Amino acid sequence: MKIKLEARGQDSRLISYLSPVLAGVLTLIAGAILFAALGQSPLETLYTFFIMPISDLYGLSELGVKAAPILLCATGLAVCYRANVWNIGAEGQLLMGALFGSWAALSFLEIEGFWVLPVVLLAGSLAGALWAGIPALLKTHFNTNEILSTIMLNYIALNCLLFSVHGPLKDPDGYNFPESALFPDWVTLPILIDGTRIHLGIVFALLSVAVVWVFLSKTFVGFQIQVLGNDARSARFAGFRDKKLIWLCLLISGGLAGLAGVSEVTGPIGQLIPAISPGYGYAAIIVAFLGRLHPVGILFASLLMALLYLGGEMVQIELGLPLALTGLFQGLLLFFLLACDVLIGYRVRVISRVSAGGLEPVLLTNPTQ
Amino acid sequence: MDIDLIANIIFATIRTGTPLLIVALGELVCEKSGVLNLGQEGMMLMGAVVGFIAAFHSDSITVGFICAMLAGISMSLIFGFITMNLNANQVASGLALTIFGTGLSGFIGLAYVGKALDGVEAIVIPGLGSIPFLGTAFFSHDIIVYLSVFMCIFVYYFFKNTRAGLIVKAVGESPESAQAIGLSVLSVRYMAIMFGGAMAGMAGAYLSLVYTPLWADNMTAGRGWIALALVVFASWRVERVLLGAYLFGAASIVNLILQGYNVSISPNLLATLPYVATILVLVALSSNQAKVKMFAPVSLGKPFHRSN
Amino acid sequence: MLKTRVIKAAIAALASATVLLSAQSFAEATKVAFVYVGPTGDAGWTYAHDKGRQYVEEQFGDKVETTYVESVAEGADSERVIRQLAKSGHDLIFTTSFGYMNPTLKVAKAFPKVAFEHASGYKQSKNVGTYFDRAYEGRYLTGVVAGKMTKSNVLGYVGSFPIPEVIRGINAFTRGAQSVNPDIKVKVVWVSSWYDPGKEREAAETMILQGADVITQHTDSPGPINAAEAKGAYAIGYNSDMAEYGKTAHLTATVHNWGPLYASKVKAVMDGTWKAEDVWGGFADDALILAPFNDAVPQDVRDYVNAQKAAIVDGSLHPFAGPVTAQDGTVKVAEGEVMSDGDMLGFSWYVDGVDGALPK
């Protein structure tokens with residue numbers, strides 16, 4: 001038996017919708033086998049993992065709380081990736097947003113006013129954008145590979161945050177514990193639905209989806225970005241100023257990541273602590289790809305990613321399954337999703353002598369060719 | 001500061017740098033072939049846990065290392081299949097590999113937490129080991145330290161003097177032309193990815209079998225990412241990886257040593273040094289177009305579409 | 001490990017959670033939850049708490065159901081996890097890391113009928129109690145052991161972060177060592193991490209190179225024990241008995257013994273007598289124990305340490321009984337007085353005998 005990939009020539013629209021479904025089915029099957037092997041009821045476990053966390057309003061609201069920072073980062077990354085600018089630095093940009101947002105917030109401990117919160121949010125977004133400006137500068141002036149520079153900047157940002165929270169921004173009345181003072185009410189994002197943690201940051205995230213969508217599909221600059229990504233040479237022939245576009249992409253992306261960071265500290269956390277982000281910026285990279293770099297796709301992908309985290313907590317609480325299992329399961333789903341995407345651009349030919357060749361080749365064969 | 005102490009600091013620096021060196025060598029070969037694998041951390045953790053379990057049951061460090069390398073290779077094959085055969089994005093797949101490896105290693109290691117192994121005896125090289133100062137600093141390490149230096153020499157020689165090394169570089173520089181002259185881009189990249197996996201597994205096992213002989217969740221503590229920086233810092237040159245690994249090793253312990261002398265620098269700011277240095281090197285290299293062509297593999301991280 | 005804790009929750013449990021909660025007194029088992037900051041496999045802090053959870057299960061059998069959630073990040077996630085546990089009908093929730101302080105208080109406000117216990121914090125409320133163990137008593141005794149066993153008179157201490165809990169341990173250790181050996185110096189190296197086996201090992205080795213011959217730690221991995229074992233120094237463990245990692249080096253350890261404390265809290269909830277209070281248990285309450293001595297510790301030292309321990313238990317010895325002199329020579333606690341709990345909770349200075357300055 002032999003499996004062969006053939007280029008379709010044109011991406012399959014149908015498959016681009018079907019492939020996540022296929023990946024989902026494969027993950028469910030793999031998960032069921034895994035859970036059964038551990039002596040758990042597969043159906044009950046899958047139910048606990050995927051349905052139970054969002055079975056009520058509170059669960060849904062938490063899904064939003066968890067998805068918001070990922071979504072903000074990922075929409076920004078999509079703009080970059082569309083232009084072939086490989087920003088891996090959303091994590092660092094988010095942390096910088098949180099750091100400078102907190103710094104601003106702590107400077108307003110004594111000053112109350114309706115304008116304070118916008119200033120704080122702006123400070124965070126600007127910090128994120130400026131942090132993303134570094135790789136933009138390096139790329140446009142020195143031709144430095146942005147994948148590598150943004151990875152380095154993530155670590156520098158993390159250490160700057162740790163330095164600040166262990167040092168200058170530490171709560172003076174906090175017994176030397178590494179955390180800042182709690183932010184006052186007027187520097188805290190308002191809660192939209194009582195009894196939940198749905199905060200204004202979620203609105204920002206949804207707005208970013210809409211704005212980026214319109215920006216990419218309806219504006220001339222958005223069009224230029226797409227051309228730059230598809231074919232840098234023709235973009236230059238067409239007279240697009242590619243350096244300017246690179247700057248723009250990175251600033252947008254960094255600004256959104258910074259907004260995500262400052263929304264976390266002024267939202268659900270309410271103070272600056274060392275553990276602002278459990279890897280949102282990295283999760284956003286995966287989400288951006290899962291969402292096919294399309295804002296709406298990313299919206300769904302970020303919800304799925306958030307659900308994976310929530311589900312992992314839920315099976316620990318309800319079934320006592322270890323956390324490591326969740327990581328394993330998440331990894332599996334991501335692999336399946338990434339792997340199934342191949343079907344969009346390629347069709348699979350199974351040259352088979354054995355008809356009972358197993359599940360996978362059968363599933364992989366594209367029936368609509 | 002007496003001379004003995006300096007010798008011991010050099011000793012500690014080399015030991016701290018060794019796991020970085022091993023994993024960075026693997027990543028170097030991988031990147032030279034044009035593949036960027038961000039799954040180092042996941043592969044290292046799998047190497048660490050599998051190596052520990054194997055050594056625990058077999059009472060043999062050698063068996064531990066072999067199994068660790070096999071575990072690293074298996075992990076890298078997953079990455080290889082998804083990125084090479086299925087053309088998935090390398091960055092996303094690498095990150096997914098790290099998530100997967102962290103979870104899987106924690107899961108299979110559950111029963112081995114709190115177990116201990118005997119460490120590895122140092123091998124004092126006869127003659128050289130008894131030279132004052134130099135003996136302590138350079139010639140009384142464990143076997144893996146020596147082995148890692150030999151690996152460096154091997155990889156250096158491989159790229160400099162062998163046809164196979166040339167092929168790997170050619171594939172990394174221009175997969176299209178490599179294919180045009182009849183080379184199998186896929187097989188070459190697969191080999192490079194597997195080598196990277198084996199090295200990552202070995203580095204992980206170094207941590208769980210030699211450095212701190214125990215298994216604990218997430219015990220690599222970000223070393224896979226430092227190795228990534230290291231390869232760039234070294235501008236994809238083997239001899240600089242060797243030097244850089246020890247520099248990075250020194251950077252991570254220098255603040256501990258200084259504290260002993262009551263010199264206090266913020267450990268967090270100090271921890272940024274390797275990354276800042278890496279960016280500077282990156283800028284210095286890439287600002288010169290001709291130079292970057294000599295070192296950084298041109299096709300790094302870009303998917304290669306076979307045209308049959 | 002999976003099998004020891006089969007926690008079967010019917011899918012419908014979520015819906016009926018509130019019913020369970022109000023009906024707890026005459027029906028189901030008491031549900032107790034634990035929120036951990038690390039993996040249960042860290043061999044340190046979380047491991048010790050999980051031992052406590054297992055103790056509760058052994059003590060109460062099927063009258064209790066325990067749940068734990070591990071590696072809960074101290075950011076926005078912790079509040080959701082704690083809330084989820086409160087919502088799913090748990091009667092008593094232990095949050096076992098300092099970073100959970102504010103999230104615990106927030107959730108507790110919304111669930112006034114659920115009892116919360118937060119480890120190592122300083123804020124209480126109507127249904128949030130705090131608890132900790134007087135680990136400094138163990139530190140003092142292990143300091144005595146170190147003071148007796150050292151030949152170089154230099155002791156090494158691997159620190160995590162300079163917060164009061166850690167400084168208190170360093171000070172108690174130093175005073176214990178000084179009580180038997182006035183020439184003692186304690187070196188401290190901060191690794192800025194609770195958990196990094198490699199770095200902890202390097203920190204310990206650095207101090208050994210600089211003359212320390214007994215190493216102890218306030219971090220979570222056995223890295224420092226490995227270092228002492230390899231370098232022929234002695235080591236004193238923390239969190240749990242770490243003898244496994246240093247057969248010749250490991251002299252003893254200060255071991256958290258959360259089991260009895262957890263059991264008493266669970267009992268109080270079962271009986272309906274639970275109140276939010278600040279519990280700080282020491283040797284007298286079995287909240288901590290000393291790990292068995294290594295063969296290297298001579299009998300007279302063991303006898304002496306055991307006598308000192310008895311004195312701590314009966315109250316005649318206090319590790320911070322005056323005079324307590326700070327590093328700069330000022331007398332912080334006068335002769336005849338004993339340091340108050342409040343002052344000990346806020347330690348931000350070294351006692352005389354600690355080498356080096358406290359990082360700001």
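This is a predicted model: local features need pLDDT of at least 70, side-chain atom pairs count only at pLDDT 80 or more; totals for chains, interfaces and linings use all residues.
**Entry 1: chain A**

I began with the make-up of chain A and counted 15 helices and two strands. I then looked up its extent: the C-alpha atoms fill a box of roughly 75 × 60 × 35 Å along the principal axes. For 369 residues, a compact globule would have a radius of gyration near 21 Å, and the 22 Å of chain A agrees with that. Of the 369 residues in chain A, 57% are buried. I also checked how far along the sequence the contacts of chain A reach. Among contacts between residues at least 6 apart, 77% join residues at least 24 apart.

**Entry 2: chain B**

I took chain B next and found 13 helices and zero strands. Its pattern along the sequence reads α-α-α-α-α-α-α-α-α-α-α-α-α. The radius of gyration of chain B is 20 Å, close to the 19 Å that the globule rule gives for 308 residues, so chain B is as compact as a globular protein of that length. Its C-alpha atoms fill a box of roughly 65 × 45 × 40 Å, again along the principal axes. Buried residues account for 58% of the 308 in chain B. Of the contacts in chain B with a separation of 6 or more, 78% are between residues 24 or more positions apart.

**Entry 3: where chain B touches chain A**

I listed the residues on each side of this contact and got 38 from chain B and 38 from chain A. Which elements of chain B give two or more residues to the side that touches chain A? I noted helix 3 (61–85), helix 4 (90–108), helix 10 (223–233) and helix 12 (267–286) of chain B. Helix 4 of chain B has the largest share of that side, with 12 residues. I sorted this side of chain B by class and wrote down 24 nonpolar, 14 polar and no charged residues.

**Entry 4: where chain A touches chain C**

Here I found 27 residues of chain A in contact with 32 residues of chain C. On the chain A side, helix 2 (42–50), helix 3 (57–82), helix 10 (242–269) and helix 12 (295–319) each supply at least two residues. Helix 12 of chain A gives the most, with five residues. By class, I recorded 17 nonpolar, five polar and five charged residues on the side of chain A that touches chain C.

**Entry 5: Ala76(C)**

I picked one residue of chain C to follow up. Ala76(C) is found in helix 3 (residues 76–87) of chain C. Is Ala76(C) buried or exposed? I looked up its surroundings: Ala76(C) has 26 C-beta neighbours inside 10 Å, so it counts as buried, the cut-off being 20 or more. Leaving out residues up to four places away in sequence, Ala76(C) touches Val65(A), Glu264(A), Pro268(A) and Ile269(A). I also looked up a pair within chain C: Ala76(C) and Pro103(C) are 27 residues apart along the chain, and their C-alpha atoms are separated by 8.3 Å.

**Entry 6: the sheet of chain C**

I traced an open sheet of six strands in chain C, in the order 2-1-3-4-5-11, with parallel pairing. Its edge strands are strand 2 (64–69) and strand 11 (278–281), each pairing on one side only. On average, neighbouring strands of this sheet are turned by 20° against each other, direction ignored.

I then went through two of the pairings. Strand 1 and strand 2 of chain C pair in the parallel sense over six bridges. Ala33(C) has Thr67(C), in strand 2, as its bridge partner. Strand 1 (residues 30–35) is mostly covered, with five of its six residues buried. Strand 3 (residues 92–95) and strand 4 (residues 115–119) of chain C are also parallel, and I counted four bridges between them. Phe94(C) stands opposite Glu117(C) in strand 4.

**Entry 7: helix 9 of chain C**

I finished with helix 9 (residues 258–271) of chain C, which has 14 residues. From first to last C-alpha it reaches 20 Å, close to the 20 Å expected at 1.5 Å a residue. Which residues of helix 9 are buried? I noted Trp258(C), Gly259(C), Leu261(C), Tyr262(C), Lys265(C), Val266(C) and Val269(C). An α-helix has 3.6 residues a turn, so residues three or four places apart point the same way.

Methods: Residues are numbered from 1 along each chain as its sequence is written. Chains are lettered from A and ligands numbered from 1 in the order in which they are written. Two residues are in contact if their C-beta atoms, placed from the backbone, lie within 7 Å. Ala, Val, Leu, Ile, Met, Phe, Trp, Tyr, Cys and Pro count as nonpolar, Asp, Glu, Lys and Arg as charged, and the others, Gly among them, as polar. The radius of gyration is taken over C-alpha atoms; the globule rule is 2.2 Å times the number of residues to the power 0.38. A residue is buried if 20 or more other C-beta atoms lie within 10 Å of its own, exposed if 12 or fewer, and partly exposed in between; C-beta atoms are placed from the backbone. The expected span of a helix is 1.5 Å times one less than its number of residues. Two strands pair if DSSP finds at least two bridges between them. Axes are lines fitted to C-alpha atoms, for helices over the stretch in contact, and angles run from 0 to 180 degrees between N-to-C directions.
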